[in-house]
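User: I am new to this structure and would like a close look at one part of it, the nonpolar core and the aromatic rings around it. Please set that part in the context of the whole chain.

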Amino acid sequence: MTDDLPDIQKFCAIVAQIHKDSMGKSPNNQYGFQVTTHLANVANDNSWSDSWEVWYARALKRMLDEEEISHGQDEELAILTTAMFGKVIPRLLRPLETGGRQIQPCLIHSDLWPGNAKPDAMTEEPMIFDSCAFWGHNEGSPLRASSQPTFRD
């Protein structure tokens, strides 16, 4: 392994292949995970749910609760949180699972950022590690924002 960043095309192809190969293979066709995983030192609520909207909202609430425990209550964040759970999440996620539409859970890494993806020193092939896995929507693994360049051209 090197400290370089992986090739963006190869990296994205690996992530897409993991999602494709795991689609529909959740052990109970639900969202969640069979064990607690951690995002850094924060334990995730991976309780199973039949609904992506319900699972996502619960997982996000867990992270926001941890933020409040660590840093105290923030009035502006409280206002945004109310809007997020009352308007944004239902409006964006509910349509994915209503009106006859459905999504199938696939295996998600969930902690993709440059520190968890490096090229193999011998082959230059991307290696992805330190997962915070769960079964979720195939677009549920956003890259973490970074002030440094995340991939080379």
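Analyst: What follows goes from the whole chain to the core, then to the rings, and ends with a few loop residues.

The model is predicted. Its protein chain holds three helices and six strands, and from the N terminus on these elements run α-β-β-α-α-β-β-β-β. Along its principal axes the C-alpha trace spans about 50 × 40 × 30 Å. Of the 153 residues in the protein chain, 31% are buried. The accessible surface comes to about 9,600 Å², and carbon and sulfur atoms account for 54% of that surface.

In soluble globular proteins, nonpolar side chains tend to be buried together. Here the largest nonpolar core has 13 residues, and Phe-33, Trp-52, Trp-55 and Phe-134 are those with the most contacts inside it. At least two residues of this core come from each of α2 (52–71), α3 (75–93), β3 (106–108) and β6 (134–136). Helix α2 gives the most, with four residues.

Phe-33 shows how such a residue is surrounded. Leaving aside neighbours within four places in sequence, Phe-33 is in contact with Asn-46, Trp-48, Leu-107, Ala-133, Phe-134 and Trp-135. One of these partners, Phe-134, is also on the list of core residues with the most contacts.

The aromatic rings come next. A search of the whole structure finds five aromatic pairs. In one of them, Tyr-31 and Trp-52, the ring centres are 5.6 Å apart and the planes stand at 50°, so the pair is tilted. Tyr-31 lies in the loop between α1 (8–22) and β1, whereas Trp-52 is in helix α2, so this pair ties together parts that are 21 residues apart in sequence. Both Tyr-31 and Trp-52 are buried.

Trp-52 also pairs with Tyr-56: their ring centres are 5.7 Å apart with the planes at 50°, so this pair is tilted too. Trp-52 and Tyr-56 both lie in helix α2, four residues apart, which is about one turn of the helix. Ring pairs link Tyr-31, Trp-52, Trp-55, Tyr-56 and Phe-134 into a cluster. Trp-52, Trp-55 and Phe-134 from this cluster are also among the core residues with the most contacts.

Some loop residues complete the picture. Cys-132 is placed in the loop between β5 (126–128) and β6. Its relative accessibility is 1%, so Cys-132 counts as buried. Not counting residues up to four places away in sequence, Cys-132 touches Thr-37, His-38, Leu-39, Asn-44, Ile-108, His-109, Ser-110 and Asp-111.

Ser-110, one of the residues touched by Cys-132, is found in the loop between β3 and β4 (117–119). Although Ser-110 is not a glycine, its phi is positive, about 75°. Ala-40 likewise is not a glycine and has a positive phi, of about 60°. Ala-40 lies in the loop between β1 (38–39) and β2 (42–43), and at 69% relative accessibility it counts as exposed.

Terms used. Residues are numbered from 1 along each chain as its sequence is written. This is a predicted model: local features need pLDDT of at least 70, side-chain atom pairs count only at pLDDT 80 or more; totals for chains, interfaces and linings use all residues. Side-chain values use heavy atoms; hydrogens and water are left out. Buried means under 20% relative accessible area, exposed over 50%, partly exposed in between (1.4 Å probe, protein chains only). Accessible areas come from the Shrake-Rupley method with a 1.4 Å probe; for residues, only the protein chains shown count as cover. A nonpolar core is a set of buried Ala, Val, Leu, Ile, Met, Phe, Trp, Tyr and Cys residues joined through side-chain atoms within 4.5 Å. Contact means heavy atoms within 4.5 Å. Rings of Phe, Tyr and Trp (its six-membered ring) pair if their centres lie within 6.5 Å; planes under 30 degrees apart count as stacked, over 60 as edge-to-face and the rest as tilted.
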